[in-house]
Amino acid sequence: MSAAVTAAAVQELAAAGVATVYEAYGRRGLLDVEWTPLQPGRRIAGPARIARCGQGDNRAVHEVMPHLRPGEVLVLTMPRPEPVALFGDLLATQAAARGAAGVLVDAAVRDSADLARFEYGVWTRWRRARGATKDERGSVNVPVEIGGTTVAPGDVVVLDDDGATAVAAADVEAAVEAVRQRITKEEGLRERWAAGEFSYDAYGMRAADESPRAAPAEHAGAREQAEPAGPKAPSGPAESEAVT
């Protein structure tokens with residue numbers, strides 16, 4: 001783990017979870033595809049250790065294993081996602097021995113019942129027995145694009161039942177602060193809703209909807225003005241105002 005990304009920061013991001021991190025980070029970083037967690041209920045995070053495999057080939061996964069460090073998330077991908085198993089029980093055993101925090105497979109896994117018994121979490125696009133070749137070297141420790149987001153080695157990947165999101169290594173400390181602010185904001189709103197207040201009123205939606213002169217654009221403006229200001233992203237677009 002690099003000096004810029006502390007274990008404490010990674011733990012905070014893991015505890016916050018994907019949705020909170022994504023929102024606090026200005027709705028950036030989402031790996032926007034359908035992921036299946038093999039061990040539902042887990043929340044993990046860790047710096048990315050990446051293997052960009054050849055198409056339908058997992059030779060790069062074997063090559064990246066000696067580079068894997070404790071607490072890292074192993075990210076496996078290839079040029080075009082397809083249901084080829086890049087990861088199975090034997091590679092999973094190596095990842096466990098190396099201390100992986102989790103594995104994200106932008107392809108398929110197999111031996112999924114065995115993988116579900118490991119201490120670390122595994123997220124995958126597909127579960128499929130179809131095996132990979134080992135003919136193309138691929139690349140290790142390189143940036144990759146997954147679900148509209150570029151993930152570079154050392155970026156922090158956050159995983160839970162909602163999917164996956166990533167925070168650039170240089171933004172981690174600022175993202176943690178934004179996450180703290182968002183959690184505080186949500187706790188205050190949760191208390192208000194539990195006491196019987198309605199978000200429909202607090203966000204100005206009712207007043208806008210009942211105004212005889214209200215237009216759709218005015219509704220949106222009223223809603224943004226009504227809600228207490230939220231934390232801003234470390235850099236880039238401001239955090240969305242709506243808090244579900």
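In this predicted model, the charged end of Arg28 is placed over the ring of Tyr25, 4.0 Å from the ring centre. Salt bridges number 12 across the whole structure, and there are two aromatic pairs.

**Aromatic pair Trp193–Tyr203**

- One of the two aromatic pairs joins Trp193 and Tyr203 in an edge-to-face arrangement, with 5.9 Å from centre to centre and 80° between the planes.
- Trp193 belongs to helix α6 (residues 172–194), while Tyr203 is in the loop between α7 (199–202) and α8 (205–210), so the contact ties together parts that are 10 residues apart in sequence.
- Trp193 is partly exposed, at a relative accessible area of 26%.
- Tyr203, in contrast, is buried, with a relative accessibility of 5%.

**Salt bridges**

- Side chains of opposite charge can pair when their charged atoms come close.
- Arg27 and Glu23 are joined by a salt bridge of 2.8 Å, N to O.
- In this pair, Arg27 is partly exposed at 43% relative accessible area, whereas Glu23 is buried at 13%.
- A salt bridge also connects Glu82 and Arg130, whose closest N and O atoms are 3.2 Å apart.
- That pair links distant parts of the chain, 48 residues apart: Glu82 is in the loop between β3 (73–77) and β4, and Arg130 is in the loop between β6 (121–127) and β7 (139–140).
- Glu82 is buried, with a relative accessible area of 18%, which falls under the 20% cut-off for that class.
- Arg130 is partly exposed, with a value of 45%.
- Asp201 and Arg206 form a salt bridge in which the closest N and O atoms lie 2.3 Å apart.
- Both partners are partly exposed: Asp201 has a relative accessible area of 35%, and Arg206 has one of 30%.
- A network of salt bridges links Glu12, Glu177 and Arg180.

**Helix α4**

- Helix α4 spans residues 89–97, and Leu91, Ala92 and Ala95 within the helix are buried.
- These three residues cover an arc of only 105° around the axis, so they are on the same side of α4.
- An α-helix has 3.6 residues a turn, so residues three or four places apart point the same way.
- The exposed residues Leu90 and Ala97 are carried on the face of α4 turned away from its buried side.
- Packing partners of the buried α4 residues are α3 (59–64), β4 (85–87) and α5 (112–115).

**Strand β3**

- Five of the five residues of β3 are buried, so the strand is largely enclosed by the rest of the structure.
- Val73, Val75 and Thr77 point one way from β3, and Leu74 and Leu76 point the other way; all are buried.
- Strand β2 (residues 44–52) pairs with β3 in the parallel sense, over five bridges.
- Within this pairing, Ala51 stands opposite Leu76 of β3.

Notes
Residues are numbered from 1 along each chain as its sequence is written. This is a predicted model: local features need pLDDT of at least 70, side-chain atom pairs count only at pLDDT 80 or more; totals for chains, interfaces and linings use all residues. Side-chain values use heavy atoms; hydrogens and water are left out. Rings of Phe, Tyr and Trp (its six-membered ring) pair if their centres lie within 6.5 Å; planes under 30 degrees apart count as stacked, over 60 as edge-to-face and the rest as tilted. Helices (H or I, at least four residues) and strands (E, at least two) are DSSP runs, numbered from the N terminus. Buried means under 20% relative accessible area, exposed over 50%, partly exposed in between (1.4 Å probe, protein chains only). A charge sits over a ring if NZ of Lys or CZ of Arg is within 6 Å of the ring centre and within 35 degrees of the ring normal. The arc is that of the directions from the helix axis to the C-beta atoms. Contact means heavy atoms within 4.5 Å. A salt bridge is a side-chain nitrogen of Lys or Arg within 4 Å of a carboxyl oxygen of Asp or Glu. Two strands pair if DSSP finds at least two bridges between them.
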